[in-house]
Amino acid sequence: MQRLKLGHPVLFALLPILNTLTRNPGGSRPTDIIVVVGVVLIGAALGYLLIAGVLRRRAPQGITALLVLIGVFLFYGKSALGGFTRQTAGLPPALLLGVLLMIFGLAVWWLVRRPHLLDRVNTFLALTSVVMVGWLTARLVANHFRSRAIVHNSALATELARPVNSRAPAGPQDQPAPDIYVLALDEYAHAAVLRNLFQFDNRMFEDSLRQLGFTIPRLVRSNYVHTVLSLPSLLNFSHLTRLTQEVGARSTDASLPNYLLEHNRTASYLKRRG
């Protein structure tokens, strides 16, 4: 418990990462999660060593943990604080930061003079961090196994794994296969939309792509508002309306769309043709 009371800032540093992962199931691979968590742990540990080195036992160990926790809070909250001051209060972010640092400084000074309260505060923070990290980790693990089950039992994935029926003859074997590039400009409006709504002429950019050999559709109407659905639909030559039946109408799990994107029929079709 004593070590836990001193190390709770490291656990709190993991909470924003775990919260993001649990809110976006299927959006990250285990290796990506390990890398991000490792970087966060190393950063929090280095901050802890830096503050401990500066204090050099001139203050109680519990104060070191609180100072590291304040640093974690400011690291994650600086963007939100800046947006709040500009949009709501109309104040410069530096002013709010100065006020917060003064409040934190007074709180730390007050706790230094009351060791019994300092120990209670660190005990409360330690238990809170353990409960929250444990709960989010359990949800993350449950989401992982649920996502694997969705992909494994998906009738849509089984159907789209079948080869594409095509009567087109294969190209000459003595000619090299061409390189194929598909550029999907995310959140980039069509030329007609840019012209009609924003009075912006985008023809110069599109003409430059045509000169490079790209084909630009004259009329594009997406069936989906999210790229995570548009890309697997495009590359599998299929609608994905059955996703609602398989994962639920309110599900935010991206495992199946990501699987269909990574194992798409376009790539397998081209590979079979050399």
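Colleague: Which residues of H9 are buried?

Modeller: This is a predicted model, in which local features need pLDDT of at least 70, side-chain atom pairs count only at pLDDT 80 or more, and totals for chains, interfaces and linings use all residues. Residues are numbered from 1 along each chain as its sequence is written, and side-chain values use heavy atoms, with hydrogens and water left out. Helices (DSSP runs of H or I, at least four residues) are numbered from the N terminus, and a residue is called buried under 20% relative accessible area, exposed over 50% and partly exposed in between, with a 1.4 Å probe and protein chains only. In H9, the buried residues are Pro 232, Ser 233 and Leu 235.

Colleague: Which elements do the buried residues of H9 pack against?

Modeller: Contact here means heavy atoms within 4.5 Å. By that criterion, the buried residues of H9 pack against H11 and helix H12 (265-272).

Colleague: At what angle do H9 and H11 pack?

Modeller: Axes are lines fitted to C-alpha atoms, for helices over the stretch in contact, and angles run from 0 to 180 degrees between N-to-C directions. The axes of H9 (residues 227-235) and H11 (residues 255-262) lie 8 Å apart. The angle between these two helices is about 35°.

Colleague: Which residues of H11 meet H9, and how do the residues of the contact divide?

Modeller: From H9, the residues taking part are Val 228, Leu 229, Leu 231, Pro 232 and Leu 235. They meet Pro 257, Asn 258, Leu 260 and Leu 261 in H11. Ala, Val, Leu, Ile, Met, Phe, Trp, Tyr, Cys and Pro count as nonpolar, Asp, Glu, Lys and Arg as charged, and the others, Gly among them, as polar. The residues of this contact are eight nonpolar, one polar and no charged.

Colleague: Is Phe 237 exposed or partly exposed?

Modeller: Phe 237 is placed in the loop between H9 and helix H10 (243-247). Most residues other than glycine have a negative phi. Phe 237, however, has a positive phi of about 55° although it is not a glycine. Because its relative accessible area is 47%, Phe 237 is partly exposed.

Colleague: What is the phi of Gln 199?

Modeller: Gln 199 lies in the loop between H7 and H8. With a relative accessible area of 64%, Gln 199 is exposed. Its phi is positive, in a residue other than glycine, and is near 55°.

Colleague: Which element gives the most to the lining of the largest pocket?

Modeller: On a 1 Å grid over the protein atoms alone, a pocket is an open set of points with protein on both sides within 12 Å along at least five of seven lines, where a 1.4 Å probe fits, and lining residues have an atom within 4 Å of a point. The largest pocket has a volume of about 1300 Å³, the volume being the space filled by probe spheres set on the points, which are joined across faces, edges and corners. Of its 35 lining residues, the closest to the centre are Leu 183, Ala 184, Leu 185, Pro 217 and Val 220. The element that gives the most, with five residues, is H9.

Colleague: How do the residues of the lining of the second largest pocket divide?

Modeller: The second largest pocket holds about 670 Å³ of space. Of the 23 residues that line this pocket, the closest to its centre are Gly 26, Ser 28, Arg 29, Pro 30 and His 144. The largest share of the lining, eight residues, comes from H5. The lining divides into nine nonpolar, eleven polar and three charged.

Colleague: What is the relative accessibility of His 144?

Modeller: His 144 is found in helix H5. Its C-alpha atom is separated by 18 Å from that of Ala 157, 13 residues apart along the chain. His 144 counts as partly exposed because its relative accessibility is 34%.
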